[in-house]
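Here are my notes on the model, as numbered points.

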Amino acid sequence: MAVSLLLRLLFFVFFILFVDGRCLDDQKKLLLVLRSEFRFNSSIPHSFVNWNETGDCCEWSGIACDESGHVISLDLHSKGISGGIGESSALFQLTYLSRLDLSVNDTTTREIPNQFHRLPNLVHLDLSISGFMGPIPSTLAYRTKLVELYLFGNFLTGSIPSFHNCKNLESINLSDNNLMGSLSHLHFQGLKNLSALDLSYNLLNGTIPHHLFALPSIQILYLSNNQFSGQIKEFSIVNHSNLLRLDLESNRIGGHIPNFFFQLRNMSSLRLSDNLFNGTFELNKIQSLTSLSELTLSNNFLSVDTNNMSSSSHLNELLMSSCNLHDFPNLRNLPYLVVLDLSNNHLRGDIPSWIWGTGMFYLNLSHNHLTDLQKPYHIPVYLQTIDLHSNLLTCEFPLLLRSNQSNLFSANFLFLADNSLTGVIPTSICSITELVVLDLSLNNLNGSIPPCLLEKSHYLQVLNLRGNNITGVIPDTINGECPIKTFDVSDNNLGGKIPKSLANCNELVVMNVGNNNFDGSFPCKALPESLKVLVLRSNRFHGELRCGKSWPDLQILDISSNNISGTLNLLNFSSLRGMMIQSQAHLRRNRSTFDILSSNLFYRDEVTLTVKGIEVKLVKIWPDFTSIDLSSNHFRGEIPDAIGNLTSLYLLNLSHNSLTDAIPRSFGALTELGSLDLSSNKLTGRIPDELAKLTFLSVLNLSYNHLTGMIPTGPQFQTFSADSFRGNTRLCGFPLDRSCNSPHVPVPTPSEPKDEEIEWGYVFAASGYVVGIGIVAWTLLCCRRWRERYFGKIEEVVDKIFYERGRRRRHERRVRRREERRNGLRRHHH
């Protein structure tokens, strides 16, 4: 036996050294030519260092060969390749290739080559997340051995070519593209071996062909995030259907949910959320799907009947957000339920006690009208996420106790924001040893921040206490490194100084202490270099802005409405690389695959900006959004030219200071600038012509300075009203009623508008700081048009605020007149 084992081992070693290691010269030459065709991102390490004339090419990184030394596998996944593959590339001479992976590279502006028909042995092709544009090559349809095709995460357009010749195709993934057209012309009937079809994240439209559901080998059918519309008509499904996972989410499909879905006996996942399905849906229909573990019905126009549910269901996840539920559904007969989402409904009264007897680890009852919990209640220790925010809970904190009434339950994510909770934050909350997110914002909590909350924050990543009545100071109790990424205590009554121990939070991304009573100098030593969002607005900070630190990733800086003085040159603007276009592009290119893939477990930060003199709350923060607000302080001297280096800057507000000298011409380099406010300073000289060339600029305020000369002309400048230039008595030209050739005529200066805080509830596709698995939609990766939509939405909302303000005043006047008439009638009656 030992001799036999030894012989086998020797044979294996011989096979590795002398069979798999033989690289043919022609194969090596083709690979070296292919390497020379690639361009590489110098900031990303690549694996081509051993691709050279010496050595065995079968041992090179990403290469596998057959016994004869032919290259059969080429894996170049995420190698920083840019520039794309040409039609005459050496790649298409590697005719023995059966597996090719070019995914997660940068071939933007290139189409997929038409030469794949020259690779007759190709079985696996992955071109996902590589920026390919244009149509899908029809030549792919002639690769009859093709088993897997992945085109996920590109920008492909046009219609889908016919794959009726691909009888051996078992998996096709065209997800996350910009494909246009319908599926009506496709001949999927020939794909008898097709087991997985993924067309999600495209712009496909029309109705969904019925025969897709009846393909004999189909197991996975993903059609989500398209523009499919119309109804899915009833269809006679064969009993032997193998469909396991069906995803139709985020389309425009209407009508009733088809009954034939519930004849798919092997179904384990059915996702129907975010459509136009309507009518009454009886939840007990899922009892025929004995293998069903996931059902999503959220955000439709359904009325869900949850009566008569049998305990035979093996349902693990049930999502019924925005399903027009008025009564709490009776789901006590679903013993395997671990994820339940009933948010955004009309549920009233107490949370029933039976819900705490289930085995759930995720519970979302947010955005309802729930007032309390039925007692007695026993919170299961394995409930990891509980989201009760935006309800009418009025009980005194602590809200949730274990059955022994001594400790809080051991949740990881606790969302109780936007309720009416009262009392103090108890020190017993520190006993939740693995707490990751604690959001108690927008309540009526008072007292102080428990020192142990920061001292024992071994897992805490998000602490949000915004919008309460909390007093005292921020405890200086952080010992060693802390994992906090979001720290928001804004809109409270906190005072004192920012503790230096916050600098130990080396992963801190968002710090918001705005609208409190903090004093002292600029808290430089308390601010870690990891910050992306820093808000110190509306406090009592004073002194000069002296700070030797740099924040290379900072994208939002707001220190407005304080008493900070000195010159702006004390702030090293050149170190703010996160506000430069080149750095932003670098960050986009280095996003991991997980940033592309979707998830619904995330946390959104919120920030307040001042636009057009009013405060606007952004409930989601665009990853590339950059803003500097230094307004309403005591800065003096000139505006640094270095601000012109912040080429991705969108909002710049330096108003209400004592800045002098001319507006820097370097501002002409701020090509992404959408809002510029330099009002109420002591600026002199002419308005630079370079400002008139900023085509993205939509908000401009230069009023109340000492500017002179003619207002420059340009496409954007012609759209600004006289309010943008008022208070500069020596300015002339359009849009002012003052000709540059006429004698100086002083213009009355109206009172300046007051700030008014308006909450912006608009939800747009962007992301804040992500907890757990991140989500950044692939469409946010590069295109300027998405930036224009986002920033344009800010302007649209601000304009709407002005409109709503006027309409509200008119409404108040009407109400007042009605009340006066009613009071007059009452007096007349008496």
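**Notes on the predicted model**

1. The accessible surface of the protein is about 36,000 Å², and 51% of that belongs to carbon and sulfur atoms. The model is predicted. Of its 830 residues, 53% count as buried.

2. The protein has 6 helices and 50 strands. Taking contacts between residues at least 6 apart in sequence, 54% join residues at least 24 apart.

3. Gly 566 stands opposite Phe 635 in S42.

4. The largest nonpolar core has 147 residues, and Phe 261 and Leu 297 have the most contacts inside it. Two or more residues each come from strand S19 (276-282), strand S21 (301-305), strand S26 (369-373) and helix H3 (451-455). H3 gives the largest share, 3 residues.

5. Beyond its neighbours within four places in sequence, Leu 297 is in contact with residues including Ile 257, Leu 272, Phe 281, Leu 302, Val 304 and Cys 323. Apart from this core lies another, of 36 residues, among them Leu 31, Phe 38, Ile 81 and Phe 132. As for Cys 323, its relative accessibility is 0%, so this residue counts as buried.

6. The count of disulfides is 6. With bonded cysteines counted along the chain, the pattern is 1-2, 3-4, 5-6, 7-8, 9-10, 11-12.

7. Cys 23 and Cys 57 are joined by a disulfide with S to S 1.7 Å. The link is right-handed, with 85° about the S-S bond. This pair links distant parts of the chain, 34 residues apart: Cys 23 is in the loop between helix H1 (2-18) and helix H2 (25-37), and Cys 57 in the loop between strand S1 (39-40) and strand S2 (63-65). Cys 23 counts as buried at 18% relative accessibility, and Cys 57 counts as buried at 0%.

8. A disulfide also joins Cys 430 to Cys 452, S to S 1.9 Å. Cys 430 is in the loop between strand S28 (413-415) and strand S29 (437-439), while Cys 452 is in helix H3, 22 residues apart. Both Cys 430 and Cys 452 are buried.

9. In the disulfide of Cys 732 and Cys 740 the sulfur atoms are 2.0 Å apart. The torsion about this S-S bond is about 100°, so the disulfide is right-handed. Cys 732 is buried, with a relative accessible area of 11%, whereas Cys 740 is partly exposed, with 35%.

Notes:
Residues are numbered from 1 along each chain as its sequence is written. This is a predicted model: local features need pLDDT of at least 70, side-chain atom pairs count only at pLDDT 80 or more; totals for chains, interfaces and linings use all residues. Side-chain values use heavy atoms; hydrogens and water are left out. Two strands pair if DSSP finds at least two bridges between them. Helices (H or I, at least four residues) and strands (E, at least two) are DSSP runs, numbered from the N terminus. A nonpolar core is a set of buried Ala, Val, Leu, Ile, Met, Phe, Trp, Tyr and Cys residues joined through side-chain atoms within 4.5 Å. Buried means under 20% relative accessible area, exposed over 50%, partly exposed in between (1.4 Å probe, protein chains only). Contact means heavy atoms within 4.5 Å. Accessible areas come from the Shrake-Rupley method with a 1.4 Å probe; for residues, only the protein chains shown count as cover. A disulfide is a pair of cysteine sulfur atoms within 2.5 Å.
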